[in-house]
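Hi,

Here is the structure I promised to pass on.

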Amino acid sequence: MVETAIVLQGGGALGAYEFGVLRALYERRPGFSPVAVAGVSIGAITAAVLGGAAGDPIGALDTLWRRKLTVGAPPGLPAAVDRSLAMLGNPGMYQLHAGLFTAPWLLTSVYDTAPLRATLAELVDPARLNAADPRVIVGATNVGTGEMEFFDADRPGGLTFEHVAASGSLPPSFPMTKIGGEAYWDGGLFSNTPLSPAIEALEQAGGGDRAVERELIVVELFPMRSGVPRTMHDVLGRMVALQYTSRLTLNARYFDRIARVVDLVDRVDAALPAESEIRDDPTYRRVRAYRRIDHLNVVTSSLPPELSNAGDFSRSSVEARIQAGYDDAIAQGIGDPSAPRLRFGVTGVDAPVAPARGRRYPAA
């Protein structure tokens, strides 16, 4: 038995690539259902629809990306204009703030996100969103404290559409979201790859049974490595990519080291006398709760520059990203969790996973 957790980065319109990966995953594994899906920003929206859909999750995601978030244009418009139309609004996600035309100096954002709430209400069942399987986890940045917080069904009041909206409240485009007296911005401002909560969910899978195989799937929209920019457009694109990349080397060697530590602790525990005081040590008990990640699958986007504009929700670009995600996932053999699919060295240098405020998840 293999239990799987999915991690989805933020990246605006680039999130269509994540839908392509998920479509391939569900297609190649009939009956598949993850134990958890953790997302930030557009990844949080995709996670909410995937985990909270009343019916077929892939069908709901198809509606989200092909009908709700795609910005249609009249035939005959130049491609450059078509790719820029979302600046005027996205009917399924955001609209120009009315105050822009009356008192723009009083605003803290360009758009409001009322359309996103309507889209979530249409596609997501709140009861399913708060179900135990899969656990949906979204991350947002507390504006006042500057810290990351993760929200799921275990929070007081459960996981709501406001939490999902908070995760995608990227300033200055979108307004901060108020929840429980606190203000939140996009989780990607703090950490765009919510690994820690996904790993904790995997550790708890199967009641913590050590015999359960655990798989982590990460979809990276912003790879660490890239060519050196040659134009100002390239410079701006690379700057954004570095801002939102994971900053963590996700490779099998890293998780193999963790697995060896887990195995060693198991051996130590077996050798400890039953009355040993070490068994009651809080740090030892926490380490004993760690579990192996047996399979790691990092699907890293390699979209060309013309498809790398996070604000381009044009139909042709969305379709191309969906197909790219689907093709990359198939090429990596995503139907088999044990297949060696990781491309080494695609995500840069080692760095710790930042701790989260509120619900505390152990660092990866």
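Over which residues does pLDDT stay under 50? That stretch is residues 340-364, and the model has 82 contacts beyond four places in sequence for it. Here pLDDT is the predictor's confidence in each residue, from 0 to 100, and a contact means heavy atoms within 4.5 Å.

As you'll gather, this is a predicted model: local features need pLDDT of at least 70, side-chain atom pairs count only at pLDDT 80 or more, and totals for chains, interfaces and linings use all residues. Residues are numbered from 1 along each chain as its sequence is written, and side-chain values use heavy atoms, with hydrogens and water left out.

For the chain, the mean pLDDT is 87, with 91% of residues at 70 or more. Among its elements, helix H2 (residues 42-52) has the highest mean, 98, while strand S12 (residues 357-358) has the lowest, 34. Helices (H or I, at least four residues) and strands (E, at least two) are DSSP runs, numbered from the N terminus.

Now to strand S2 (residues 36-40). 5 of its 5 residues are buried, so S2 is largely enclosed by the rest of the structure. Buried means under 20% relative accessible area, exposed over 50%, and partly exposed in between (1.4 Å probe, protein chains only). Ala36, Ala38 and Val40 cover one face of S2, and Val37 and Gly39 the other. In a regular strand, side chains alternate between the two faces of the sheet.

S2 also has partners. With strand S1 (residues 2-8) it pairs in the parallel sense over 4 bridges, and Ala5 sits opposite Ala36. Pairing with strand S6 (residues 135-142) is parallel too, over 5 bridges, and there Val40 stands opposite Gly139. Two strands count as paired if DSSP finds at least two bridges between them.

Elsewhere there is an open sheet of 3 strands in the order S3-S4-S5, with antiparallel pairing. Strands S3 (89-90) and S5 (111-112) are at the edges with a single partner strand each, so one side of each lacks a neighbour in the sheet. S3 and S4 (residues 94-96) are joined by 2 bridges, and Asn90 has Tyr94 as its bridge partner.

Lastly, helix H9 (residues 232-244): its buried residues are Arg238, Ala241 and Tyr244. They cover an arc of only 135 degrees around the axis (taken from the directions from the helix axis to the C-beta atoms), which puts them on the same side of H9.

Cheers
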